[in-house]
Amino acid sequence: MRITFRDVSYTYMIGSPFEKKALDAVNLTLSSQTFTGVVGSTGSGKSTLMQLINGLLLPTTGQVQNGDFILHRKSKRKYVKQVRRQVGMVFQYPEHQLFGSTVEEDMLFGPKHLGLDIEKSRQRFPDLLELVGLGEEILPYSPFSLSGGQMRRVAIAGVLATHPKVLILDEPAAGLDPAGHRALLDLLRDWHDQHGLTTVLVTHDMEDAARYADEIVVMDEGKPVISGAPTDVFRQADQLAGLGLDVPASVRVSRAMQAAGWEVADTLLEPEALAGVVIDQLSTVRKEG
Amino acid sequence: MLQNIVIGQYVPVTSPLHRLDSRSKLISLLALAVIVFLANEFWSYLALLATVVLFVALSRVPLRFFVKGLFPVFILIVFTFLLHAFFTNEGYVLFSILGFSIYSGGIEQGVFIAIRIGSLVILASLLTLTTKPIDLTDGFEFFLRPFKRFGLPAHEMALMMSISIRLIPTLLLEADRIMKAQAARGADFTKGTMKTRLETMTAFIIPLFVRSFKRAEDMATAMDARGYRGGEGRTKLRVLQWRLQDTIACIVVGGVGVVLAILRDF
């Protein structure tokens, strides 16, 4: 589903001394079936942006279009719920949302409250659990008896249980060890590709944005300031630095190599790709020398 | 969803009342709570009302915050007003409804009582609106300290209060996040049958409890790790300071008491 923001502003605690404008006249389109990384420093408005997509927040002015659904300031509760049926959301530390006495009960919460076919959803649970790297034997266990990593996987399975068309991820891998971090994002990217989802990944890890996103949107002070393909975005390293943001290590290394006279493209976003180029160059040097 | 809750009511503006030491404000409130009951006829009530208006103006807190504070006691005020209006048989008859004669004395008494309750509530909210919760607990601790010799754990009580106050925003944030996470999964906290709403509430409260206990445990560990052993011999980061303005404030409040005592009917 295509997501379009039209002149969207959002102000927190409007009319109080704590009033704070989080988004300022945002115009932004996230094309259907793309994996978009939203990056920005703390307080840049990226989580506000994300919560506007499924109506957890309604825009103060402007409108958010989500497929055929249009959300605005006065959208009705029932209508918002229809939008939520399309949009799955994985918050930071999703394991904090677990409550059920069994894993199954917890995973059924979404399908039940969004009015989906319960039996059909239940039949998909084994596949879903396998996808997140767990087995169906876990279904009767209490989620609180699991390890932290397992809890997170269960919570994510609970979000995917509603088979959303749009998936919003807010630092889904925060606090995991490097291997778990990669594994989790890999599986979410696979799920995205297999089901033709529109995914938004909110992160401040540039390596993740570079590795997983098709498009990157950089937020600053409530506005998207840079957007485009990762290679184009990371070419503007100086501008990003001005916003308090880094570029992936491989981009930093290739820029340093360029400065030292090496022939390296600055579009290598993954360490593996850069390593390949370095090896090639080194072997030519050795042959010539 | 929870974004409109103001914690501890404190309104961060600068005003003479905000600058006062929390202790002088606590003493003043205590004194004023007694003084309010001195008023018993027209001029003394007028003086009381003038004092309250003056203090509210001095606080520079927007009026709607006081209205918000008055709202819960509004029914009580209306009820006592009506009670007095119907059941006081003094003065002359103004009019009769439903077989009750409304006397001028009744209306007068009703208005007086309404002013009395209203003033008390406004004065009490003045304290919380102009004092940071953490300063307030420091003030409380100061006044509770003398009772320590009778076994009152003054420092621990103050510590409990400040920890609770400190964690209110954290807890609200947590609550907001959990609510949103469940709302994203289709939970509806305002509508639905009893059964679905019960489940929705469970899905909100259980995670909140789990997190709170976890947080309390972490905090206890952190305090232990830093060798926290209670209040004996601890110094404070922020020391309460009694200045001239605090003495003046107390004198002004005392003056109000004297004026009301002179004006009232004996």
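Here is a short chat about the two chains of this predicted model.

Q: Before we start, what should I know about numbering and confidence?
A: Residues count from 1 along each chain as its sequence is written, and chains are lettered from A in the order in which they are written. The model is predicted, and local features need pLDDT of at least 70, side-chain atom pairs count only at pLDDT 80 or more, while totals for chains, interfaces and linings use all residues.

Q: OK, how many residues of chain B are in contact with chain A?
A: 21 residues of chain B are in contact with 20 of chain A, contact being C-beta atoms, placed from the backbone, within 7 Å.

Q: Which helix of chain B gives the most?
A: α8(B), with seven residues; helices here are DSSP runs of H or I, at least four residues, and strands are E runs of at least two, numbered from the N terminus.

Q: Switching topic, what's the strand order in the chain A sheet?
A: The open sheet runs β6-β7-β8-β3-β9-β10 in chain A, with mixed pairing; strands pair if DSSP finds at least two bridges between them. β6 (87-90) and β10 (223-228) of chain A are the edges.

Q: And how do β3 and β8 of chain A pair?
A: In the parallel sense, over four bridges. Phe35(A) stands opposite Thr199(A) in β8(A).

Q: Back to chain B: at what angle do α2 and α6 pack?
A: About 175°, with axes 10 Å apart. Axes are lines fitted to C-alpha atoms over the stretch in contact, and angles run from 0 to 180 degrees between N-to-C directions. So α2(B) is roughly antiparallel to α6(B), a label for angles over 145 degrees.

Technical notes. Contact = placed C-beta atoms within 7 Å. Parallel < 35°, antiparallel > 145°, perpendicular 65-115°, else oblique.
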